[in-house]
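Q: I have a structure open and want to talk it through. Can you take my questions as they come?

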Amino acid sequence: MKMRFKIIFTIFFVSQVSCTIFDQTGKGKCIPIDIELCKDLPYNYTYSQNPILHNDEHSLQTHTEHFKPLMKTKCHPHIHFFICSVFAPMCPTSFPQAVTSCRSVCEEVRADCVSILEEFGIGWPEPLNCAHFPDLPDLCMKPTDNDIIGQQQQSRQQSIGSQKPSGCPSDLIDIDPMDPKGQCAFGCTANVMFNTENKQTTRSWSIWIAAANSIIALFAFLTFSIDRKRFRFPERCVFYLSVCIFLSSLPYLFPLFIQPVLRSCHQLHNSHLAQNQQNLNLYLSIGSFDNLYCLSSFLLNYFFSTAASLWWLMFSFTLYLSGGRKWVPEGIEACSSYVHFVAWGFSSLATIVVLVFNKVDASELTALCSVGNLNSLALLWFVIIPRTVCLVLGSCFIIGGFASMCRERISFRQRGTDTSKLEKLMMKMGLFCALFIIPSVVEIVCQSYNFLILSQWIRATIDCKLQTGACHRPLPPQAEIYMIAIWASLSTGLSCMIWVFSAKTIGSWKNFIFCGMCSPAPSKSEPSSRPLLEPPTAPPPQPPVYMQMTTNPSQNSWRPSKVV
């Protein structure tokens, strides 16, 4: 069904013909449009003798491709129609001739789009010179806004009804309708993979768990801050770990202050559609940095969650150095710059790579931006693999450190040394490692399930325009597994509580509350530099034995001196 255009036909019988680029110099005929970018016009036939490049279809196709970037900017609602009317002018079958846009249409398009070309030092192209276009009352075309909206709605309905769709499904949004290989986006309020009940349940529970996780991590951070001399390496790594856990949990509290549309959605860059169909043209962010709330939630969540995994690795490494290699805290502190470089440097590098490759996307379930929500490969390379490597290496260092502790414990018992403090330290470290490793393993397993689901759903949703046939979607995923992954990532802050849950913490807070920030009195004896596992002291040395020397009276008799 062809769309109706408001086309002004006014034929003048005059002896002279106006000298424009659309003058008919010979008899031609109407032929189908072969230019790929102009096949979605409301007319299907163009004039065989093009006034610009005559009958060279290859040159017409090449010249049209040159204007494709300008079409993608959508600087004017009629930019696509205007450019196609120049290179593929309409040809009425009853009266074959080239009919292009009116001069008023050209002037409107030029006023909105010439600034884009001038930014790159390019002037308005000569083929689009408005002086060459006919004006009333000559024969020309002038589309209306209603025709443009009707054309887009008709193309969407045709893509739904055909078995081989040329666009996105009805519940998705086509970000670039002119790009046949472009991506489809999830609607901001659409239920594509999850229903409304799953979204509400996940977001409400995530707020409570994130709040508890943030409070615990913040308390651990403040405890370390008010009594930093009490915690040395490897315990000091927990100080930075608690900071990362606290900051990575903050985005899950955004729903208390920011609506889902503001924190995770974008709007199509089309001013007319934005005014008339505002709710229908909002889509979840995918590879864009226009939304500042989305970018901030990505930086907080991804950067600090990656840094938390690396600080866990640094904790296990310094524990191995202290317990297995008998490094003193001063020796580890001397190399602390390398520890900070690994933890903060690699997390910054991963964040920069994600931003460079535009892999930031929003989650339909939580309405928060991170990595791997709508891209399976990004989930694999930026989330699953790095965290698995950190967890495996950290576990190896933990096993090595605990094995050395067990050997020292057996050696101490054989020598009759008290091992109660060592056993208490081993129990505290074991509980801390268990509270961090178990949620991390659960999260990685659930993210692996998410990777398998995304591999199937991307082909049927986001990359639907690349498929040769209809996009058949798989079964909906298990929302409970996604919820477990989110809640497991928000429960690692409980491990930090192990290091501050003691009577010394109560004493530190008492001194801080009642004495303020005053520094404590200097101790009489400075603490000695000792490793984590100190070998038993040797027995005190025996006093020296003085042998009594016997003398011979005959040999030691007094003799007179020869010196007078």
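Q: Which residues does threonine 306 touch, leaving out those up to four places away in sequence?
A: Threonine 306 touches Ser347 and Arg387, where contact means heavy atoms within 4.5 Å.

Q: What kind of model is this?
A: This is a predicted model, in which local features need pLDDT of at least 70 and side-chain atom pairs count only at pLDDT 80 or more, while totals for chains, interfaces and linings use all residues. Residues are numbered from 1 along each chain as its sequence is written, and side-chain values use heavy atoms, with hydrogens and water left out.

Q: Where does threonine 306 lie, and is it buried or exposed?
A: Threonine 306 is in helix H10, residues 292–323. Its relative accessibility is 11%, so threonine 306 counts as buried. Buried means under 20% relative accessible area, exposed over 50%, and partly exposed in between, with a 1.4 Å probe and protein chains only. Helices (H or I, at least four residues) and strands (E, at least two) are DSSP runs, numbered from the N terminus.

Q: How does H10 pack with helix H14?
A: H10 and H14 (residues 420–460) pack at an angle of about 155°, with their axes 12 Å apart. Axes are lines fitted to C-alpha atoms, for helices over the stretch in contact, and angles run from 0 to 180 degrees between N-to-C directions. That makes H10 roughly antiparallel to H14; the cut-offs are under 35 degrees for roughly parallel, over 145 for roughly antiparallel, 65 to 115 for roughly perpendicular, and oblique for the rest.

Q: Which residues make that contact?
A: From H10, Ala308, Trp312, Phe315 and Leu319; from H14, Met429, Phe432, Cys433, Phe436 and Ile437. By class, the contact of H10 with H14 has 9 nonpolar, no polar and no charged residues. Ala, Val, Leu, Ile, Met, Phe, Trp, Tyr, Cys and Pro count as nonpolar, Asp, Glu, Lys and Arg as charged, and the others, Gly among them, as polar.

Q: Change of topic. How many aromatic pairs are there?
A: The count comes to 21 aromatic pairs. Rings of Phe, Tyr and Trp (its six-membered ring) pair if their centres lie within 6.5 Å; planes under 30 degrees apart count as stacked, over 60 as edge-to-face and the rest as tilted.

Q: What about phenylalanine 82 and phenylalanine 133?
A: Their ring centres are 5.4 Å apart and the planes are at 35°, so the pair is tilted. Phenylalanine 82 lies in helix H3 (residues 79–87) and phenylalanine 133 in the loop between helix H4 (103–119) and strand S4 (140–141), so the pair ties together parts that are 51 residues apart in sequence. Both phenylalanine 82 and phenylalanine 133 are buried.

Q: And phenylalanine 303 with phenylalanine 304?
A: That pair is edge-to-face, at 4.9 Å centre to centre with 85° between the planes. Phenylalanine 303 is buried at 16% relative accessible area, and phenylalanine 304 is buried at 15%.

Q: Now helix H16. How many of its residues are buried?
A: In H16 (residues 493–500), 6 of its 8 residues are buried. The buried residues of H16 pack against helix H6 (196–226), helix H7 (236–249), H10, H14 and helix H17 (503–515).

Q: And the chain overall?
A: The protein chain has 17 helices and 10 strands, and buried residues make up 43% of its 564 residues.
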